[in-house]
Amino acid sequence: MDRRVQLEEERTSRIHKTVEKAVRGAGKLVHPMVLISADAFSKLEQLTSYEELRNTRKLVFLDTEEALAMFKADNSIIFLSHQWLAWGFPDNATKTHLNAMKRAIKTASARVGAKGAGSRCAWENTYVWVDYCSIAQDHRGMQMLAVSSLPVYSASADIFVIIAPPAEHQSSRRCDLQSYNARGWCRAEMLAKICSSGLENFFIFASGEGDLEPVTEDTLPSLSMFVFEGDRGRETYPYPRPRGPDSSTAALRTQGCFALMPRAEGTHEIAYLWDRVSLVRPRGH
């Protein structure tokens, strides 16, 4: 057999196996989904770590897909996506992101509840997922398992909010929607959300004035889905240790997002993404 043909067949086989693995794991929780009630979150004086919230019994742990489904029958989940404003801590000294998050969850909960979503979207039945509170910060193994489950967390949320008000990073660099949109991690979270439920209950909190802007078909193209072109550098890394998952793990997680697409099948935004699938894949794949 011609060596070139053999290498091409081996490459195709590797790709097929990778995609099959991504599809199998797309909807699987390899780490519990960890939530805090909206009420408890609104009373925090600063963004508080997973460990402290766990030790003070403020967290809810959903260990399986079945437990998550049962929980969602009576409760709603808000997923907060943001970039960190310091090394080792997610916020700055003026608590820009905490204050924005509190306003955002109240506004989003009220807006979705006003649509007649029922009691599950009432304030007392609303829960929040945000990385610093919901992902282990001290245990590396648990942290990596949770990171691998990010597409499931994002896809399972009833409401997805980008938190990107104007703010100053510890490095004195300006952070806003533009810098958020440059981050590979944030792009992966957005991609999982769109692949699972399209633009339904997808909002941006970026004005600093308390406004919640819905993401529409017109504004979607301004949000990049080029996950592998995104910044995953130390300044913007969303977890305390800058040792992120390697590119193969990131590739698998992103490919798994596309397995969620049938959930949003038929929407214009999914057609938009399908046209750009080749642009979202990592270089060399």
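This is a short chat about a predicted model of one protein chain.

User: Before we start, what kind of model is this, and how are residues numbered?

Analyst: This is a predicted model, where local features need pLDDT of at least 70 and side-chain atom pairs count only at pLDDT 80 or more, while totals for chains, interfaces and linings use all residues. Residues are numbered from 1 along each chain as its sequence is written, and side-chain values use heavy atoms, with hydrogens and water left out.

User: OK. How many helices and strands does the chain have?

Analyst: The protein chain has 13 helices and 9 strands. Both are DSSP runs, numbered from the N terminus: helices are H or I with at least four residues, strands are E with at least two.

User: And how much of the chain is buried?

Analyst: Buried residues make up 51% of the 285 residues. Buried means under 20% relative accessible area, exposed means over 50%, and partly exposed is in between, using a 1.4 Å probe and protein chains only.

User: What holds paired strands together, in general?

Analyst: Strands of a sheet pair through backbone hydrogen bonds, either parallel or antiparallel.

User: Which strands does β3 pair with, and over how many bridges?

Analyst: β3 and β4 pair in the parallel sense over 5 bridges. β3 and β5 also run parallel, joined by 5 bridges. Leu80 stands opposite Val130 in β4, and Phe79 stands opposite Phe160 in β5.

User: And β5 with β8, how many bridges there?

Analyst: 4 bridges join β5 to β8, and the two run parallel. Ile163 stands opposite Phe205 in β8.

User: Back to β3. How many of its residues are buried?

Analyst: 7 of its 7 residues are buried. Both faces are covered. Ser76, Ile78, Leu80 and His82 are on one side, and Ile77, Phe79 and Ser81 are on the other.

User: Zoom in on Leu80. What does it touch?

Analyst: Leu80 touches Phe41, Met101, Ile105, Val128, Trp129, Val130, Val161 and Ile163, not counting residues up to four places away in sequence. A contact means heavy atoms within 4.5 Å. Leu80 counts as buried, at 1% relative accessibility.

User: Which helix is Met101 in, and which residues there are buried?

Analyst: Met101 is one of the buried residues of α5.

User: Why would residues three or four places apart point the same way?

Analyst: An α-helix has 3.6 residues a turn, so residues three or four places apart point the same way.

User: What do the buried residues of α5 pack against?

Analyst: They pack against α2 (38–42), β3 (76–82), β4 (126–130), β5 (159–163), β6 (167–168) and β8 (202–205).

User: How far does α5 reach?

Analyst: α5 covers residues 96–113, which is 18 residues, and reaches 26 Å from first C-alpha to last. That is close to the 26 Å expected at 1.5 Å a residue. The expected span is 1.5 Å times one less than the number of residues.

User: New topic, loops. Where is Arg57, and is it buried or exposed?

Analyst: Arg57 is in the loop between α3 (50–55) and β2 (59–62). Arg57 is exposed, with a relative accessible area of 77%. Its phi is near 60°, a positive value in a residue other than glycine.

User: And Asn201, buried or exposed?

Analyst: Asn201 is buried, at 11% relative accessible area. Asn201 sits in the loop between α10 (184–197) and β8. Its phi is positive too, about 50°, although Asn201 is not a glycine.

Technical notes:
Pairing = 2+ DSSP bridges.
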